Amino acid sequence: MDFRIGHLAYRTRDMEKMLAFYTGALGFQHIFSLANERGEKWIEYVMTPDGRFLEFFYPDETPVEPGTDYMHLCLEVDDCAAAAAELEAKGVAIRVAPNVGSDGNVQAWIRDPDGRDIELMQLSPDSEQARNRAKL
């Protein structure tokens, strides 16, 4: 099984400042936005110079306090179903079975021993992530 860091996900108190920092100060590239099922702003995707991603979630009704901004680690895999099956065979509980997420990629969810969420993601060749990484 070959795992690669796919993205880190954070909630933010101020999206404008967050994007300005990562794109302006650090020189990362804002590549796309996702809306939730109600059409509201939900996630902003930023790409690092080496083709990795950061997800920034708009604030919701839950206050974003220090220590509550981390959301999940995403591990990119070539075959999400196979990775989930292999992990399950090793005794890892699959919290959410492989399915197609709102960004068009196949994803499954597990947790580490401390209860932190880990997303397993198989990029679809026509996803925004794959198209933007191909430009590197």
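Analyst: The 14 positive and 24 negative charges of the protein chain have mean positions 2 Å apart. Lys and Arg are counted as positive and Asp and Glu as negative, while His and the chain ends are not counted; each charge is placed at NZ of Lys, CZ of Arg, CG of Asp or CD of Glu. The model is a predicted one, in which local features need pLDDT of at least 70 and side-chain atom pairs count only at pLDDT 80 or more, whereas totals for chains, interfaces and linings use all residues. Residues are numbered from 1 along each chain as its sequence is written, and side-chain values use heavy atoms, with hydrogens and water left out.

The protein chain contains 3 helices and 8 strands, which are DSSP runs numbered from the N terminus (helices H or I, at least four residues; strands E, at least two). Along the sequence they follow the pattern β-α-β-β-β-β-α-β-β-β-α. Of the 136 residues, 40% are buried, where buried means under 20% relative accessible area, exposed over 50%, and partly exposed in between (1.4 Å probe, protein chains only). With contact defined as heavy atoms within 4.5 Å, 54% of the contacts between residues at least 6 apart in sequence join residues at least 24 apart.

The aromatic rings can now be examined. Rings of Phe, Tyr and Trp (its six-membered ring) pair if their centres lie within 6.5 Å; planes under 30 degrees apart count as stacked, over 60 as edge-to-face and the rest as tilted. On this basis there are 7 aromatic pairs. One of them, between F32 and Y45, is stacked, with 4.3 Å from centre to centre and 15° between the planes. This pair links distant parts of the chain, 13 residues apart: F32 belongs to strand β2 (residues 29-35) and Y45 to strand β3 (residues 41-47). Both F32 and Y45 are buried.

W42 and F57 form an edge-to-face pair, at 5.8 Å centre to centre and 85° between the planes. Because W42 lies in strand β3 and F57 in strand β4 (residues 53-57), the pair ties together parts that are 15 residues apart in sequence. With a relative accessibility of 31%, W42 counts as partly exposed, whereas F57, at 9%, counts as buried.
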